[in-house]
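Me: I'd like to go through the salt bridges in this one. Can we start with what the accessibility words mean?

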Amino acid sequence: MQDSRAALQALDPATLGHQLFEASPDCVKLLDGNGHIVAMNSNGLRALELDGIEAVRGQPWSALWPEASRAEVEAAMAAARSTGLGRLRAPCPTAGGTVKWWEVTVSRVGHDGLLANSRDITGQVRAEAEREGLLAQLRGAKQRMEDVFRQAPAFMCVFTGPDHVFELENERYLQLVGGRSNIGIPLREALPELAGQGFLELLDGVYRSGEPVFGNDVPVMLQRRPDAPLERRFVDQVYMPLRDPAGRVTGILVHGIDVTDRKLAEIELYESRERFQKIVSQAATGVVQLDHEGRITLVNQKYCEMVQRLESELLGASVLDVTAPDSVPVTLEAVRLLAGGESGVVVEKEYLRRDGSRMPATSSVNALRGPNGEFQGLVAIVVDTTESRRAAEKLRASEERYRTLFESVDQGFCIFEMIFDAQDRPVDYRFLEMNPMFEAHTGLHDAVGRTAREMIPTLDAFWFETYGRVAQTGEPVRFENEAPAMGRWFDVYATRIGGEGSRRVALLFSDITARKQSEETLRKLARDLEEADRRKTEFLATLAHELRNPLAPIRSGLSVMRLKGDNAASVARVREMMERQVSHMVHLIDDLLDVARISGGKLELKKERADLRGVLASAVETSLPLIETGRHELSVDLPAHAVPVEADVTRIAQVVANLLNNAAKYTPNGGRIGLSLRIEGSEALIAVSDNGIGIPRELSSVFEMFSQVGHHLERAQGGLGIGLSLVRRLVDMHGGSVAAASGGPHAGSTFTVRLPLAEGAQDTPQRTAPETADGAAGGTRILVVDDNVDAAMTLSMILEACGYVTQVAHGGIEALAAAHAFRPQVAFLDIGMPGMDGYETARAMRRLEGLEDVRLVALTGWGAESDRRKSNEAGFDQHLTKPVQLDVVQDLLARLAA
């Protein structure tokens, strides 16, 4: 029962109304019929900053409001009494003085009571006030922006859309385009002259990318007047994308400045400065410009040369830094006069060079003034008066001559000042000036102001002593001398300039290094030519002697054969003698031809893999008759194993045979000759030694052409002096080397040949000589064709003696007829026949029916490689050079038969 009563008590309207009254967040006041305050909720007391209801209970509610708002309050209460509801909105301060805005609703309660509900809307009112203020500011800013846009000193326009339609344009823009208003027109239509100038493409790019574009001094061609030509203008411009609230690009703001006047002025100023700079830089006089404080702001190259300083050193420096101390007052006075109003002055002064020397000069100085006539600096034209000073000092006539040479001659010229130590000994000299050829003749650069020892530390004392003597005595000297430190020879004339006591010396000199080298070269050439001439003379004499030697016994043999032709024994001995002499002559001629082929690069090696032991055996067989004639003792030392090489077997055998023949000829009868072969590393070493006359001079010269080892009575068999030269060249062609060693005269000699071994270590079978034609003739038919009747008959007789069947013809036509009837198996054809030569005969014979397989052999005195190639092209199978030896013919016929 108690719980039910509590619940009913809780639902009591009066209790519920009181709870709602207190729970309201607003300021709620209960008023009596006269509008006096009866009650106020707790939130209302806090909102009005009241400590309790007692402070306001019984007071008129309108009394809490400011005087200006009381009428509205009374009107709201009257409306509530009559209609049941009244409203007002007004500010009212709290008890603490805080002004708050209230939104009040007044309603009737009971018979004549009123309920006033006041809601604090101070924040709302303030926000509305701020919004209104911002809107007002925005409207003002927009108006100002429109004013700025119209009145801006820069041209401005706004494009919308991708077609860049004009939306806005200001006065400056209209001035730029010649007054053409284009609102609502796309740019391409409004300004068609922009096509091809890149502006439309730039705008398209900004619209697509949303990135601004900036440009300075941009040239643009505009048609500013109807029917007028395009006019070039220059603008600084910005293309700025404009975006909507969503960030999308909707247009482009173009603004910039027409800088045409400034740009044209800059171009004109630049061209003017360029002209001025060129005039100044190429001026033959010095030019210097100073600011109002005397600092250097511009110099030309001539001025830099005058004061011996770089442009970078002078700019920003004071002109007093390059002014001689006693010329400072006159310099300052000139500046004072110009600053005080003088337009120009002429100053005689001296400049101070880097090396401490002074340069007298005449300066024509003019003031530089600003627009208002204020002094801004000066410019001076400087003329070096050194020469006039020297003329005024009346230098000696000789010094004047050398001064002229200084400017004109192609010889080197310089002036320097000698430097002496405390004991008055010359120790160095400092270069003061020189002509342009100085550098060419000495190789020294930038010498002015520098000393000789500074530039050439190892220069020998001769130069200092010589020039010091000239400076001290005044006596000129002329000499030629080498300067090893400079690697040059000089022809020098030195003289003192100035009077007694002067330390200055002038030089006129030439670099004669090339002449000295040429003289030495000429002397060497003369010695070489003299030696070559001597060798040529000896060679010709030797050649005549060597050819006469075999010809004499041959002629004598012919006489014996005429006198004792019926004596078979005598004829046999004479024939053997004649064969030896002919072989000797052939050997001499073959050597000469080999040397000619090697010198002309026409000798081709026919290399093959061979055992050197067999090659040396062949060489010994060749040289053995000469060795036996001299009754020499020959010792041969060959290894037991093979010595493989890649070589032309014939040529290496020729090399060794030549060395053995030399040993036999230059060793007295009964001497000892040694031949050895061994392997050293990757080379085969062949040594030929003897105990003969030795080599009495420089060993390397024995391998030169026409060289003979001394002059001996044995010279009759000494050869032509080409054998060892041929040896060296053949060995060189094989990639080897040859050297000579001797203990001196009568101490014998040793010749060593080194040849590279063949690749691989396997044994290589020796090359064997082909079988002879003995017994192989078998009645072979051979046609011999030669216009030399004796030569043809002799060869025919030799072949018949060997068992061959022969027929002879003495011309090409005759040979073809004989071949048609004789049907030869082999034909020896002379090349140099009159009428149809050997080449034509060979081609014609190849075309004869039944003779397609005939073997053709060319017989000629020409044995060069080109001659062999030509005979091969004509159809010859073999090529033999005259005179032909029997064993060569037999070997050839045997190979052809095979």
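Reply: Buried means under 20% relative accessible area, exposed means over 50%, and partly exposed is what lies in between. Keep in mind that this is a predicted model.

Me: Fine. How many salt bridges does a search of the whole structure find?

Reply: The search turns up 38 salt bridges.

Me: Take R89. Which residue does it form a salt bridge with?

Reply: R89 pairs with E128, and their closest N and O atoms are 3.0 Å apart. R89 sits in strand β3 (residues 85-93) and E128 in helix α5 (residues 122-151), so the bridge ties together parts that are 39 residues apart in sequence.

Me: Is R89 buried, exposed or partly exposed?

Reply: R89 counts as partly exposed because its relative accessibility is 35%, which falls between the 20% and 50% limits. E128 is also partly exposed, at 26%.

Me: What about D384, which residue does its side chain meet?

Reply: The side chain of D384 meets R353 in a salt bridge, 3.9 Å from N to O. This pair links distant parts of the chain, 31 residues apart: D384 is in strand β15 (residues 375-384), while R353 is in the loop between β13 (344-352) and β14 (358-369).

Me: And how do D384 and R353 come out, buried or partly exposed?

Reply: D384 is partly exposed at 32% relative accessibility. R353 is buried, because its relative accessible area is 18% and the limit for buried is under 20%.

Me: Now R515 and E519. How far apart are they in helix α18?

Reply: They are 4 residues apart in helix α18 (residues 513-563), which means about one helical turn separates them. R515 and E519 form a salt bridge, with the closest N and O atoms 3.3 Å apart. R515 is partly exposed at 34%, and E519 is partly exposed at 29%.

Me: Which residues do salt bridges with shared partners join into one network?

Reply: D217, D236, R262, K263 and E266 are joined into one network that way.

Me: Change of topic: T442. Where does it lie?

Reply: T442 is in helix α15 (residues 436-442). With 8% relative accessibility, T442 counts as buried.

Me: What does the side chain of T442 reach?

Reply: The T442 side chain reaches the backbone nitrogen of L444, at 3.1 Å.

Me: Leaving aside neighbours within four places in sequence, which residues is T442 in contact with?

Reply: With those neighbours set aside, T442 contacts M486, R488, F490 and F509.

Notes:
Residues numbered from 1 in each chain as written. Predicted model: local features only at pLDDT ≥ 70, side-chain atom pairs only at ≥ 80, totals over all residues. Heavy atoms only, no water. Salt bridge = Lys/Arg side-chain N within 4 Å of Asp/Glu carboxyl O. Helix = DSSP H or I, 4+ residues; strand = E, 2+ residues; numbered from the N terminus. Buried < 20%, exposed > 50% of the residue type's maximum accessible area, 1.4 Å probe, protein only. Polar contact = N/O pair within 3.5 Å; in protein donor to acceptor, adjacent residues only side chain to side chain. Contact = heavy atoms within 4.5 Å.
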